[in-house]
Amino acid sequence: MELISRKKLVLIGAFVLLLLIVSGCQAPPAEIQIKEVEVTVVVEPTAVPPEPTEAPEDQAEYHVAWESGPHSTYDQGHGPNDWCARCHSPQNWNPEATVGRPPNCVSCKFPGQEITVGDGNDLIEEADWAAIPCASCHVMEDGYATEVAWLNPIAMEYQPVSTTTELCEKCHVTTTGNAFGSGVDHKITLGGSAHLNYGGFMGEEAPPTYCTDCHDPHTAEPKQCVDCHAEDIETAEHAFGAYGEMRDTVSCIACHDASGLDVGPHPAEDIDIWTTTLTEMGRSGPTTSAVISHSIVHEVACDRCHFEENLWELTVRTATGEIPAPPED
């Protein structure tokens, strides 16, 4: 056997090595190929505990206040019939009701006596009376009163109101002078702020503008002047220092009225205080009644009552409160 030279042996080894390299770069047979598999991993989100639900406001005190006020009562003097119910008990209102010829339960309103029911409007018994519930003035949610809105008694849908005064005026309106002769005078004309002729702030407090600034919407009780002006009326400058003597006999509005009403003793014999009054001519003659003025002026004209030869023998004073000098001989 011919011996292989060292040079040939090196060439053969290099060739074998080349074959091994080439064969290693080729893809493996189909039966042993590795396939890529797409795997989707689902990660469960971490549970977030729900936020605690805030307990609704306890509105029991409002219900008690409402029950003590005129919005909850059955009052023959307010005409418990399906015509007057438009305002006094909207859920009992009959839009087709009319006011017939008197006597009827609209024209003959005598509290405590048997009421006369006329044609066109039916008497509503007390057991069926709905009055003015929370739902008439508030959007109700799960039995709780929320924002202020007016429940239209015909559509039974809420209508938004821009102010509380707008809500009050859904019922406190003046409708006299219509063709049917069935109007009412239930609106208080303020002409702006209740402090009509007071053009400014008292300190940093703005004058009342809306009905609910002074009137509790549930009891309908009004604030008194002293509730806002306690510090002012106790000063020595107020009423020339005589307020302490006058507080029980002269109402604030008797001095500060700006509407031009009459001022004098309260027409009720058991009320010993001066106030604003209005005299009207009725079928049986003139009738004087105490009225609440909503027009208030800051400056007081003392000679409104303290004029010469006044009926009450009050000390004569000038408009600014001075006692005039006696006339010269």
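Reader: Hi! Where is Thr175 found?

Author: Thr175 sits in the loop between helix 4 (164-168) and helix 5 (211-214). Keep in mind as we go that this is a predicted model.

Reader: Okay. Is Thr175 buried, exposed or partly exposed?

Author: Thr175 is partly exposed, because its relative accessible area is 33%, and the buried class takes in values under 20% while the exposed class takes in those over 50%.

Reader: And how far apart are Thr175 and Lys187 in space?

Author: Going C-alpha to C-alpha, Thr175 and Lys187 are 8.9 Å apart. In sequence, 12 residues separate Thr175 from Lys187.

Reader: Let me zoom out. How many helices and strands does the protein have?

Author: You'll find 8 helices and 7 strands in the protein.

Reader: What share of the residues is buried?

Author: Of the 329 residues in the protein, 24% are buried.

Reader: What about contacts between residues 24 or more positions apart?

Author: Take the contacts in the protein with a separation of 6 or more: residues 24 or more positions apart account for 43% of them.

Reader: Switching to charges. How many salt bridges does the structure hold?

Author: There are 2 salt bridges in the structure. In one of them, the side chain of Arg247 meets that of Glu234, at 3.2 Å from N to O.

Reader: Which parts does that pair tie together?

Author: Arg247 lies in the loop between helix 7 (243-246) and helix 8, and Glu234 lies in the loop between helix 6 (225-233) and helix 7, so the pair ties together parts that are 13 residues apart in sequence.

Reader: What does Arg304 form a salt bridge with?

Author: With Asp257, and the closest N and O atoms of that pair are 2.6 Å apart. Arg304 and Asp257 link distant parts of the chain, 47 residues apart. Arg304 is in the segment after strand 7 (285-290), while Asp257 is in the loop between helix 8 and strand 5.

Reader: Is Asp257 buried or exposed?

Author: Asp257 is buried, because its relative accessible area is 3% and the buried class covers values under 20%.

Reader: What else does the side chain of Asp257 make a polar contact with?

Author: The side chain of Ser259 makes a polar contact with the side chain of Asp257, at 2.7 Å.

Reader: Which residues is Asp257 in contact with, leaving aside neighbours within four places in sequence?

Author: Those are Thr276, Ser293, Ser295, Val297 and Arg304.

Reader: Which residues line the largest cavity?

Author: Its lining is made of Pro90, Gln91, Ser136, Leu151, Pro153 and Met156. By class, that lining has 4 nonpolar residues, 2 polar residues and no charged ones.

Reader: Back to the backbone. What's the phi of Ala131?

Author: Phi of Ala131 is near 60°, which is a positive value in a residue other than glycine. Ala131 lies in the loop between helix 3 (85-88) and strand 1 (138-141). Ala131 is also buried, at 3% relative accessible area.

Reader: And what's the phi of Glu309?

Author: Near 60° too, again a positive value in a residue other than glycine. Glu309 lies in the segment after strand 7.

Reader: Is Glu309 buried or exposed?

Author: Glu309 is exposed, because its relative accessible area is 77% and the exposed class starts over 50%.

Reader: Last one. Where is Asn310 found, and is Asn310 buried or exposed?

Author: Asn310 is in the segment after strand 7. Asn310 is buried, with a relative accessible area of 8%. A polar atom of the Asn310 side chain lies 2.7 Å from the backbone nitrogen of Leu314.

Technical notes:
Residues are numbered from 1 along each chain as its sequence is written. This is a predicted model: local features need pLDDT of at least 70, side-chain atom pairs count only at pLDDT 80 or more; totals for chains, interfaces and linings use all residues. Side-chain values use heavy atoms; hydrogens and water are left out. Buried means under 20% relative accessible area, exposed over 50%, partly exposed in between (1.4 Å probe, protein chains only). A polar contact is a pair of N or O atoms within 3.5 Å; within protein, one must be able to donate a hydrogen and the other to accept it, and residues adjacent in sequence count only if both atoms are side-chain atoms. Contact means heavy atoms within 4.5 Å. On a 1 Å grid over the protein atoms alone, a cavity is a set of points where a 1.4 Å probe fits but cannot get out, and a pocket is an open set with protein on both sides within 12 Å along at least five of seven lines; lining residues have an atom within 4 Å of a point. Ala, Val, Leu, Ile, Met, Phe, Trp, Tyr, Cys and Pro count as nonpolar, Asp, Glu, Lys and Arg as charged, and the others, Gly among them, as polar. A salt bridge is a side-chain nitrogen of Lys or Arg within 4 Å of a carboxyl oxygen of Asp or Glu. Helices (H or I, at least four residues) and strands (E, at least two) are DSSP runs, numbered from the N terminus.
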